[in-house]
Amino acid sequence: MRRALWNAVWLILYRTSPIPLHGWRRLLLRAFGAKIGSQTRPYPSARIWAPWNFEMGEGSTLGPRSEIYSVARVTLGPWSVVSQRAYLCTASHDIHAPSFALTAAPIAIGRNAWVAADAFVGPGVTLADGAVAAARAVVVKDVDRNIIVGGNPATPIGECGLADFADGSVKPGG
């Protein structure tokens with residue numbers, strides 16, 4: 001019932017709100033149990049499956065047409081960015097069980113971490129502070145601090161220093 005109500009609110013009040021009204025969307029998410037820090041930027045076309053399993057740290061961004069499949073908890077750290085069309089998926093199925101049972105594990109995106117455009121982050125993955133999942137990366141394993149991963153499956157392709165900017169003064173790409 002809660003999911004049906006959230007879907008109606010998302011369709012009528014959240015999705016139709018003008019882009020600059022991040023405060024309105026923060027209010028709606030909080031009303032459904034999300035933990036939302038100040039200065040966060042949830043975009044109107046971003047989809048959140050279950051707001052009660054979602055947390056956005058101070059100054060974080062949930063970009064256009066991104067998807068948060070929050071069967072389990074999804075946490076975006078302070079000043080983290082989830083770019084357009086990124087997909088954070090906390091659930092899968094046990095392919096070894098005859099019942100094909102649903103499985104779920106939380107996702108954590110660290111401080112100043114960046115999930116770039118069209119990237120996929122799977123169940124149970126943690127991107128440490130300052131980590132970057134490059135565009136279209138398929139991340140199925142944890143990513144260490146300040147490491148850039150790319151490809152399918154994602155592998156390390158470089159290092160950066162985003163974790164060193166504790167106040168969010170440096171944004172990915174800027």
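Close-up 1. Everything here comes from a predicted model, in which local features need pLDDT of at least 70, side-chain atom pairs count only at pLDDT 80 or more, and totals for chains, interfaces and linings use all residues. Residues are numbered from 1 along each chain as its sequence is written, and side-chain values use heavy atoms, with hydrogens and water left out. What joins Arg85 to Asp118? Their side chains meet in a salt bridge, 3.5 Å from N to O. Arg85 sits in the loop between β8 (81-82) and β9 (87-89), and Asp118 in the loop between β13 (114-115) and β14 (120-121), so the pair ties together parts that are 33 residues apart in sequence. To count as a salt bridge, a side-chain nitrogen of Lys or Arg must be within 4 Å of a carboxyl oxygen of Asp or Glu. Strands such as these are DSSP runs (E, at least two residues), while helices are runs of H or I with at least four residues, and both are numbered from the N terminus.

**Close-up 2. Asp118 and Arg136.** Asp118 also forms a salt bridge with Arg136, with the closest N and O atoms 3.0 Å apart. This pair links distant parts of the chain, 18 residues apart: Asp118 in the loop between β13 and β14, and Arg136 in the loop between β16 (132-133) and β17 (138-139). Is Arg136 buried or exposed? Arg136 counts as exposed, at 60% relative accessibility, whereas Asp118 is partly exposed at 25%. Together, Arg85, Asp118 and Arg136 are linked in a network of salt bridges.

**Close-up 3. Arg73 and Glu55.** Here a salt bridge joins Arg73 to Glu55, and the closest N and O atoms are 3.4 Å apart. Arg73 lies in the loop between β6 (67-69) and β7 (74-76) and Glu55 in strand β4 (residues 54-56), so the pair ties together parts that are 18 residues apart in sequence. Both partners are partly exposed: Arg73 has a relative accessible area of 24%, and Glu55 has 27%. The count of salt bridges in the model comes to three.

Close-up 4. Leu11, Ile12, Leu13, Leu21, Trp24 and Leu27 make a nonpolar surface patch of about 550 Å². Patch residues have over 30% relative accessible area and no salt bridge; like charges are joined within 9 Å, and nonpolar side chains (Val, Leu, Ile, Met, Phe, Trp, Tyr) within 5 Å. Areas come from the Shrake-Rupley method with a 1.4 Å probe, and for residues only the protein chains shown count as cover. Helices α1 (2-14) and α2 (22-31) each supply at least two residues of the patch, and α1 gives the largest share, three residues. Leu11 lies in helix α1 and is partly exposed, at 42% relative accessibility.

**Close-up 5. The buried residues of α2.** Which residues of α2 are buried? They are His22, Arg25, Arg26, Leu28 and Leu29. These residues cover an arc of only 165° around the axis, which puts them on the same side of α2; the arc is that of the directions from the helix axis to the C-beta atoms. After α2 comes Gly33, whose phi is positive, near 95°.

Notes: Buried means under 20% relative accessible area, exposed over 50%, partly exposed in between (1.4 Å probe, protein chains only).
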